[in-house]
Number of protein chains: 2
Amino acid sequence: MSYAALHKAFEEIGRLAHAQAILAWDEAVMMPVGGGAARAEALATLAGIAHRRVADERIGEWAEAALAKGDLDEWRQANVREMLRAWRRARALPESLVVESSRANALSEQAWRVARPANDWNAVAKPLAKVLELTRSKAQALAEALQLDAYDALLDGYEAGLRCAFVTPLFERLKAALPNIIDRAIGAQRPALPLPGPVAIPRQEALARRLMERVGFDFERGRLDVTHHPFCGGDPDDVRVTTRYNADNFLEAMFAVLHETGHGMYEQGLPAAWRGQPVGRSGGMALHESQSLFMEQQVCRSPAFFDFAAPLVREAFGADAADARWAAANLHRAATRVERSRIRVEADEATYPLHVILRYELEQALIDGRLAVADIPDAWNAATQALLGFDLEGEHRDGCMQDVHWFGGLCGYFPTYTLGALAAAQLHRAAAAALPGLADAVRGGEFEALVGWLRHNVHSVGRLRDTSVIIEAATGEQLGADALLTHLDARYAGAAHV
Amino acid sequence: MSYAALHKAFEEIGRLAHAQAILAWDEAVMMPVGGGAARAEALATLAGIAHRRVADERIGEWAEAALAKGDLDEWRQANVREMLRAWRRARALPESLVVESSRANALSEQAWRVARPANDWNAVAKPLAKVLELTRSKAQALAEALQLDAYDALLDGYEAGLRCAFVTPLFERLKAALPNIIDRAIGAQRPALPLPGPVAIPRQEALARRLMERVGFDFERGRLDVTHHPFCGGDPDDVRVTTRYNADNFLEAMFAVLHETGHGMYEQGLPAAWRGQPVGRSGGMALHESQSLFMEQQVCRSPAFFDFAAPLVREAFGADAADARWAAANLHRAATRVERSRIRVEADEATYPLHVILRYELEQALIDGRLAVADIPDAWNAATQALLGFDLEGEHRDGCMQDVHWFGGLCGYFPTYTLGALAAAQLHRAAAAALPGLADAVRGGEFEALVGWLRHNVHSVGRLRDTSVIIEAATGEQLGADALLTHLDARYAGAAHV
């Protein structure tokens, strides 16, 4: 019963992953600073235990035997394929490197959390150098074992099968096309009336919960909390959505929450029969991001969504319906303003890919050794000038210190954001074709059909199929840049705001 | 280097304990109901891994070799003694029983959380029967291995060395002495003016934080949150104090928080050099409870504390200083009212031991098989009538369902509450003798000397010495009932309220 042995082994690995996910959420959301050292050690210990179990040589033997028997259905076959993927990556890495890396990531992320508000690059340069040194070691070990380039080996960890050879041409096309779209958008847009403020955080939170419920987030199986950097963590039946609030601009948290809710609903929609098994997990991070951006950008920044949401906003904030600043059209205008600005997570969807491309190019240079940690601030500033056209003037907190990713050991992750944007646009075009009257449904606050379409085409598939296959099956074509560019052109740079 | 091997092994066991502590806190405080099944499995998996490591046969060999060498200092010797204690208990239990028990406890506790407000005994009887069956199996296995009676084997798990032969005579003395003290207290007390209410929960929470800070809780290494049943969890550098709030009686949460703060400050005061090692952990639960009750009952229900706290209460609640209901004397009167009532955690300190004795007698009968789960409600009611003099009239939520302990697998734990009360009274008497002007210091909000005395005599000792030795060294006598009875008599039944 080699399949049964695999199932049991990965059931336990899944439970360790549950523990790691909740502890990581707690670390970011709840933990007092004094707990940092003990938490880093505990996470490193769990990472070591989980790694040893995934890398167990019997996994390979059992998988070979299970596949050889030839009697597995497609879900079990896919499950074994995913186990082997995890096993091959784990086998490539010595446990000591996994543990050391886990510890260094946690400590560096803790240092970043304190240093960013203080704009203190010197406080993070050393822990970041340690993290990148270990990340490079991991990339090289994986590259050898998987016969990939080092950076591709990292990409592959976030989205199986993803390679620079696929990403770079898409990104080059965006680099060429976006400046023109951005310029036309900036020329065409009318300024929104300034939004009244400040809005007290409990009111913003109440609105966020209401919107989450309305679009279909299940609070019996999830939470909403406050953190430094919005993310969605936890487990399919215990999804932890997090956000931060800006009293002076409620749209930031509202859309951060809708974004993370897209991630969360994907998790909640995974196949219940396969909980805890590799095939029951969400797909790669590009597919995951397609679900958050589908919700945030494609659905919720549409005029139809604002027709639905504006009354809820006014109700939550006790606002006057006769005040034009709270009208759907004005809120929509404020939420779709295009601007070359500093912060990726606050960027509009037309300039956002340029932020990602900046990081994609720098992190490749970090991994292949062309760029040293000490040179990151200058390189970041130069790239910002080239891609976005302004100078950061030493404001590292709004430059190379703005994102937690590298500090937390996530290198090769950024490109999945923009691949997710491409996929979201392509999936939304397909959903709109399949669901006549979609905009009217959104206007009426009816999300069931839309969510049903995502459940059927993406969520319930788990890892039965690869991301590229899922997207092609749902949209009828390979992942490309057309749908996103068409969408941006229509919404921002066309004759009318759409 | 057998000592080094032990140190390393228990360092990892300590990290697993950190993970378990935070996940258990999250389960009670944060987790949405849908996450319950996955959490129970994750906790069971961690319990299994930790158990296997503690029960590793090499621990015994290493410990023997380390002790034989004869070159360990007293901390290392005590560390090895604590390791051996844990090892012997772990060796007695098969891993399957530990895992099954962990899972059953988590599921039963989840069922209790829903069933208690609904007063639904039937919904918990079955999971509780499962928990008790497994608890009995554990008790029997431990009893055989340690050559103890079954119930003593459970007691020993919460306070090493504790036996019924020590507990029962003390409890018999309390059973004999308390009714008279209670009757005299009820006869002597004057009713407090009714407290104004309701008090909004954010205001109560702000007061709780302020008081925690003033008595010396370190929020850089701890938190305060809301839960169903107040407890103190987490880790020495990441202490999780929890409470619930009653809008109509702010004193409940205020004293629950001060109680848990006593636990938390003990954790925060443990010897930093021994973090994660057995000798660096807090002592048994009786000693732990002595620290919470020292703070709650001995210090904070004194008139001196109310002189200090009343202005803070009024400030936090925006209350009028001229209103006699908010005067220190009236608040003190309200907080020291003696009454035979239903709920243990809300009971005054004179009747509280009777609640504990009730549970102590019933749980012995559950473990030795004289009492079946189905008969708990009747037995609880009969014992309530005998010890407290009233009928519960089918209100199980205020009777046998009021406490989480049995549902969560904690049997043999209750007696430590009252042993803690005895120890708290004895320690406070010794502290008052050692620190002249103690009441004036408390009146002035100066807690440093008092906390310093506890740090020196209890907190910083960790498990270097056994509880009985710690108490005798600090107070000059063996643990007994005199100090508590004297204290109760003086505060409640004497000529004046003290």
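The centres of domain 1 and domain 2 of chain A, taken over C-alpha atoms, sit 25 Å apart. This is a predicted model, where local features need pLDDT of at least 70 and side-chain atom pairs count only at pLDDT 80 or more, while totals for chains, interfaces and linings use all residues. Residues are numbered from 1 along each chain as its sequence is written, with chains lettered from A and ligands numbered from 1 in the order in which they are written.

In chain A, domain 1 covers 2-147 and domain 2 covers 149-498 (bounds from an automatic or database domain assignment). Their contact draws on 45 residues of domain 1 and 38 residues of domain 2 of chain A, two residues being in contact if their C-beta atoms, placed from the backbone, lie within 7 Å.

Over in chain B, three strands make up an open sheet of mixed pairing, ordered 1-3-2, where strands pair if DSSP finds at least two bridges between them. Strand 1 (222-226) and strand 2 (232-235) of chain B each have a single partner strand, so both are edge strands with one side lacking a neighbour in the sheet. Strand 2 of chain B runs antiparallel to strand 3 (residues 238-243) of chain B, and four bridges join the two. Opposite B:Val241 in strand 3 of chain B stands B:Cys232.
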